[in-house]
Amino acid sequence: MLAGEKIIIAVDGPAASGKGTLARKLAVHFNLALLDTGKLYRAVGWNVLSAGGNPENENAALEAAQKIAKADLTNPELRSESIGAAASKVASMPAIRQVLVDFQRHFAANPPGDKFGTILDGRDIGTVICPEATVKLFVTADVKTRAKRRFIEEFGEKGTEEQYISILNDLKTRDERDINRSASPLKQAENAYLIDTSDSDIEAVFEAAVKLVSSKT
Ligand code: CDP
């Protein structure tokens, strides 16, 4: 790439694969502005549910999507798996995705002055939002490992077997919906590097990703 050019890193992958943690660490290391795009869809899902609506109702979801602002992304309630499920429902609607495209592309192209570029994590960053990204990473892990991570995150050591099974089933349903939808399905971009985190700790994943990014910038 040319000297002075701002970089864009695309990090995609299924739920609880470790892509968010990796993106946060890369953002600090390379001094990049970070957008967790899942929060946009989660905020739409949360807004619909908190107004008493149904996230499968396209009109309700569209109304919520049109009102999304930066401040909505800091809501701590967005993290739960039930909001993840609502997010995945609204995210399967082409009209909702269309409303959120501009927000994401504008962010990607306009890092604040002190940043070397941007990093976005999601499902379709490398394929649809920023096909021109400098580096694309596709982060994955087997579904049971991902369910265990999400279970510990949500319930800590006190969670029950039932709660684990419920998270596992939610993730499977969400994966299936994300992979099989017609609008921007979850898939690895042709020129994305695959990182499987099933048997690696975050430090090993981070070091491998730093090497990949450094070789492209
Ligand atoms: O954190 P986790 O990986 O569980 O999910 P997330 O990244 O917060 O995304 C929540 C849901 O939003 C996903 O299951 C997708 O359905 C949807 N999403 C999407 O369709 N496109 C994105 N760029 C980001 C999220």
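**Figure 1. The protein chain contains nine helices and five strands.** Helices (H or I, at least four residues) and strands (E, at least two) are DSSP runs, numbered from the N terminus. This is a predicted model, in which local features need pLDDT of at least 70 and side-chain atom pairs count only at pLDDT 80 or more, while totals for chains, interfaces and linings use all residues. Residues are numbered from 1 along each chain as its sequence is written, and side-chain values use heavy atoms, with hydrogens and water left out. From the N terminus, the order of elements is β-α-β-α-α-α-α-β-α-β-α-α-β-α. The C-alpha trace spans about 50 × 40 × 30 Å along its principal axes.

**Figure 2. Helix H1 (residues 19-30) crosses helix H9 (residues 202-216) at roughly 50 degrees.** The two axes, lines fitted to C-alpha atoms over the stretch in contact, with angles from 0 to 180 degrees between N-to-C directions, come within 10 Å. H1 is therefore oblique to H9 (under 35 degrees is roughly parallel, over 145 roughly antiparallel, 65 to 115 roughly perpendicular, and the rest oblique).

**Figure 3. Residues of H1 meet residues of H9.** Contact means heavy atoms within 4.5 Å. Among the residues involved are Leu 22, Leu 26 and Phe 30 in H1, and Val 205, Phe 206 and Val 213 in H9.

**Figure 4. Gln 66 lies in helix H3 (residues 58-66).** Gln 66 counts as exposed because its relative accessibility is 56% (buried is under 20% relative accessible area, exposed over 50%, partly exposed in between; 1.4 Å probe, protein chains only). Its C-alpha atom is separated by 8.9 Å from that of Val 44, 22 residues apart along the chain.
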